[in-house]
Amino acid sequence: MSPSTELVAVVPRQMADAHAIALGLDAQSYAGLSALLAPASIPDRGKMSLLRLTKARETSLAQSLLHRQKTLEALAAHGPILPANPGTLLSAGAARGMLLGNRDVLENALGTVGGQRQFQILVDWDQAAVLTRYRDAPELHPLFAGQTPVSPVVLYKATDALRTRLQATFRTCLETASADLIQRPSMPDQGEVLNCICLVDLANEAALDTALAEIDAEWTDGLQIRQIGPSPALSFGAVSLTTITRPELDRAADLLGLTPEAGPDQIDAARRKA
């Protein structure tokens, strides 16, 4: 039977103690870590792709995801956070063991990506004005230098080469302000030049503003820049869980020299010694 609760995030224990109840979350803690749980409202990640959603269920799922995102952003205002992937089911009884078994990696992640935030940056251009603005660009100028008519295919390829060059230039600007960057597929037919997600240190947000100003200066009247965030760094440091089978646990216990009666402290000590 699947758990009736899902993991929302892992945060420092003192942060959970101060804010979990106000946000309607159940905090299960071990040492300095807390797993924040909420009633499961999103399908298990393993089943999400198999669902055929009715319109009502689709609307409900969208509302659940929106509520979850707002909860994560509210938590992120108070300190480091490791958001869980949507639909990560975890029972209250298993949460403490999860924290125990993954304490080192979770503490390390909270100290790095947990204290950073992500911004999605989308840059579109004015498709109707591109040929006028960039008529003298190296990709387009040869097409207009002669008297021969230019075919739509040739014009499209030249314009796309221009878009690719600008995309690389804009990405370079953003990389100077980012600890990491994920470039997502863009939609050139809809005027999209760049779609990326930037991982930014909280102390470096001013550098992101500078990078966006540099991009805007390329074509102030023709570029539309959208910035979504800051948000918890879900694209760079999300928690996902893998179930460990009983035989695997038994082999691990044998390897660590543990008996079935071993408690959390003995397990933690044996794991650190190994």
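Predicted model: local features only at pLDDT ≥ 70, side-chain atom pairs only at ≥ 80, totals over all residues.

Trainee: Why is aspartate 124 called buried?

Mentor: Buried means under 20% relative accessible area, and aspartate 124 has 11% relative accessibility, so this residue counts as buried. Its place is in strand β5, which covers residues 116-125, and among the residues that aspartate 124 touches, leaving aside those up to four places away in sequence, are Gly191, Val193, Leu223 and Arg226.

Trainee: What makes the pair of aspartate 124 and arginine 226 a polar contact?

Mentor: A polar contact needs N or O atoms within 3.5 Å, one able to donate a hydrogen and the other to accept it; the side chains of aspartate 124 and arginine 226 make such a contact at 2.9 Å.

Trainee: How do you know that β1 and β3 pair?

Mentor: Two strands pair if at least two bridges are found between them, and β1 (residues 5-12) and β3 (residues 33-39) have seven, in the antiparallel sense. In one of these strands, β3, proline 39 is the bridge partner of threonine 5.

Trainee: What makes β2 and β4 edge strands of the sheet?

Mentor: The open, antiparallel sheet has four strands in the order β2-β3-β1-β4. Strands β2 (26-30) and β4 (82-83) each have a single partner strand, so one side of each is left without a neighbour in the sheet. Helix α4 (residues 92-101) packs on this sheet and touches β1, β2 and β3.

Definitions and conventions
Residues numbered from 1 in each chain as written. Heavy atoms only, no water. Helix = DSSP H or I, 4+ residues; strand = E, 2+ residues; numbered from the N terminus. Contact = heavy atoms within 4.5 Å. Axes fitted to C-alpha atoms, helices over the stretch in contact; angles between N-to-C directions. Buried < 20%, exposed > 50% of the residue type's maximum accessible area, 1.4 Å probe, protein only.
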